[in-house]
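Q: Could you go through a few features of this model and set each label against the rule behind it?

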Amino acid sequence: KPVAVQDTGTDASMAPTLVQSMSSLAATAGDGSSNSFFTLDASLNLTSVGGQKLGTLTDLFAQASRMTVPVVRINAQATVDALVAFSKDVHALSDITFLSSNVALLASVRQQLPETRTAVDFSADALSNSTESLLKISGDTNRAGAKIAVLPANLTTRDFVARLQRLLLTVWASSDAATPAQAAQVLT
């Protein structure tokens, strides 16, 4: 069932998507994040960015009142296969986003679980503010069946983001922003 995400806490219209790296399964009320970030392995264990085990995908979906949409990094086809079995046997997956830098892996997810969202992670790629990079991001994102491209910090310029948005891509910026002022800097 769809998640009723928490409010960002701002009066901004069309407020940005805020993805919070998680250190526990439950999101903190009032932090303004609408998405929670985890890494998922082939046994469907969720871990933090630092590698700390937080629980399982079953544990996450068993929470009575989730207020964020999970954004889950996947790295292997075995994880996709486990997700397909999970979706058939335990829980229909829909309000979830799968993230990877592996375009073929995300295409496999979209083919087998078409009701889910996918995002291509370009944050570790050595890309420049060029037409070639723009075409690579657009092409890879489309081949993955995704609509979301996660950019490295050097590509989060107003012009580059606007060009991608004109190609109907949703742009997420990878950032270590810890304060509202730093987050505002990324957004503007």
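Q: In which helix is Arg-163 found, and what makes it buried without a salt bridge?
A: Arg-163 is found in helix H5 (residues 158-166), a helix being a DSSP run of H or I with at least four residues, numbered from the N terminus. The model is predicted, and local features need pLDDT of at least 70, side-chain atom pairs count only at pLDDT 80 or more, and totals for chains, interfaces and linings use all residues. Residues are numbered from 1 along each chain as its sequence is written, and side-chain values use heavy atoms, with hydrogens and water left out. Arg-163 is buried, that is, under 20% relative accessible area, where exposed is over 50% and partly exposed lies in between (1.4 Å probe, protein chains only). The nearest side chain of opposite charge, Asp-159, is 4.0 Å away, and Arg-163 has no salt bridge, a term for a side-chain nitrogen of Lys or Arg within 4 Å of a carboxyl oxygen of Asp or Glu.

Q: Why is Gly-145 called partly exposed?
A: Gly-145 has 30% relative accessibility, and therefore counts as partly exposed. This residue is found in the loop between helix H4 (131-143) and strand E8 (148-151), a strand being a DSSP run of E with at least two residues.

Q: Which residues is Gly-145 in contact with, leaving aside neighbours within four places in sequence?
A: They are Arg-110 and Thr-118, contact being heavy atoms within 4.5 Å.

Technical notes. Lys, Arg positive; Asp, Glu negative; His and termini not counted.
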